[in-house]
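Hello,

Here is the structure we talked about handing over. Please have it open while you read the notes that follow.

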Amino acid sequence: MNRLFALVAGLALAGSCFAQYPNKPISIVVGFEPGGGTDTTARIVQGPLGEQVGQQIVVENRAGAGGNIAVDYVAKAAPDGYTIVLANVGALAVNPHILKTPYDPLKDLLPISLAAEFANVLVVQPTLAVKSVADYVKLAKSKPNTITYASSGIGGAGHLAGELLRSLAKIDIVHVPYKGGGPAMQGFLGGQVDSFFATPISSISQIRAGRAIAVATTGSKRAALMPDVPTIAEAGYAGYEALNWYGFLAPKGTPKEIVDRLNKEIVKALANQQVVAALHKTGTEPKSSSPEEFAAYIKREYDTWGKVVKEAGIKAQ
């Protein structure tokens, strides 16, 4: 009888805890410095999400190792719903194939919801006389291992976008990694590289000023910031898609009731018209999901980019 009473009391207490969640600030950990895409997305969601749950939402920057440090930190955090991560495609679907990450993205975290996604844009130097993907491929084939392309770093979405094009178009282009999108753009503008898989928000002003020529975007549909620029898939490479994406995850062991509550509130925040408008200004498309949908999405991306990494022979440097 005492055991039954204890079990009922325990369940009642657990239910009470879930009902009171959250009763203190929630930390959203991001793996990059303030001002980057992941950080900006977290801060756009921060205010509306806090208002919804009635608690302060704190954005915590734990930069380094392509987002791996932040993901590992959250994977080892208390599974109580007060420490979650906004991670990107690199940390969850790419880096584990290149580095020996201290976490397994498919086992050590619980997906909550997708947050946002956006395509990169392939820009080239105006001096190259390249106006299309066909021009770019023709030039690369005429000068194998000569045409260079910049990215924000090894294993990043821009790097993989280039490797995917290299594989599909059967061209030999040379990857030049930088320590972030800002340095990569400076290298491009300084004439150090021929081309760059850039973010729309970082390149739109350079394109309008004629300092960069937009050749194509890397998504399955045209980017909202540059609707006149075709996709690489439209240019004849069916099935080509290389997206940046962010999503929220919690530590393994977080109670389902808390994950479901976080999902409900995050989905609502991402549908907030102020959030939608703010993300669109950065060239980012809000995109929420159920935890199950996000788990399947991560697995597909993990398998897809694992194959690209293997075929391209990408190694950590």
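**Helix contacts**

The axes of helix 9 (residues 256–271) and helix 10 (residues 273–281) come within 5 Å, crossing at roughly 65 degrees. Angles of 65 to 115 degrees count as roughly perpendicular, so helix 9 is roughly perpendicular to helix 10. On the helix 9 side the contact is made by Ala269, Leu270 and Ala271, and on the helix 10 side by Gln273, Val275, Val276 and Leu279. By class, these residues are 6 nonpolar, 1 polar and no charged. Please keep in mind throughout that this is a predicted model.

A second pair is helix 4 (residues 89–98) and helix 11 (residues 291–312), whose axes come within 9 Å and cross at roughly 40 degrees. Helix 4 and helix 11 are therefore oblique to each other, and their crossing is right-handed. Helix 4 brings Val89, Leu92, Ala93, Val94, Pro96, His97 and Ile98 to the contact, while helix 11 brings Phe294, Ile298, Glu301, Tyr302, Trp305, Gly306 and Val309. The contact of helix 4 with helix 11 has 11 nonpolar, 2 polar and 1 charged residues.

**Cavities**

Rolling a probe the size of a water molecule over the atoms shows where empty space is left. In this structure there are 2 cavities of 30 Å³ or more.

The largest cavity holds about 50 Å³ of space. Which residues line the largest cavity? They are Tyr21, Pro22, Ile26, Leu49, Val53, Arg261, Leu262 and Glu265. The lining divides into 6 nonpolar, no polar and 2 charged residues.

The second largest cavity holds about 30 Å³. Its lining consists of Val30, Gly31, Phe32, Thr38, Gly67, Ala70, Val71, Val85, Leu86, Ala87, Asn88 and Ala91. Sorted by class, the lining of the second largest cavity has 8 nonpolar, 4 polar and no charged residues.

The largest share, 3 residues, comes from strand 4. In the lining of the second largest pocket, 8 residues are nonpolar, 5 polar and 6 charged.

**Two points in the backbone**

Most residues other than glycine have a negative phi, and most peptide bonds are trans. Two places here are worth a look against that background.

Is the peptide bond from tyrosine 21 to proline 22 cis or trans? That bond is cis, with omega near -5 degrees. Proline 22 sits in the loop between helix 1 (2–20) and strand 1 (26–30). Both Tyr21 and Pro22 are also among the residues that line the largest cavity.

The other place is alanine 129, a residue other than glycine with a positive phi, near 60 degrees. Alanine 129 is found in the loop between strand 5 (121–124) and helix 5 (133–142).

Regards

Terms used: Residues are numbered from 1 along each chain as its sequence is written. This is a predicted model: local features need pLDDT of at least 70, side-chain atom pairs count only at pLDDT 80 or more; totals for chains, interfaces and linings use all residues. Side-chain values use heavy atoms; hydrogens and water are left out. Helices (H or I, at least four residues) and strands (E, at least two) are DSSP runs, numbered from the N terminus. Ala, Val, Leu, Ile, Met, Phe, Trp, Tyr, Cys and Pro count as nonpolar, Asp, Glu, Lys and Arg as charged, and the others, Gly among them, as polar. Axes are lines fitted to C-alpha atoms, for helices over the stretch in contact, and angles run from 0 to 180 degrees between N-to-C directions. Angles under 35 degrees count as roughly parallel, over 145 as roughly antiparallel, 65 to 115 as roughly perpendicular and the rest as oblique. A crossing is left-handed if the near helix is turned anticlockwise from the far one by less than a right angle, and right-handed if clockwise. Contact means heavy atoms within 4.5 Å. On a 1 Å grid over the protein atoms alone, a cavity is a set of points where a 1.4 Å probe fits but cannot get out, and a pocket is an open set with protein on both sides within 12 Å along at least five of seven lines; lining residues have an atom within 4 Å of a point. Grid points are joined across faces, edges and corners, and a volume is the space filled by probe spheres set on the points.
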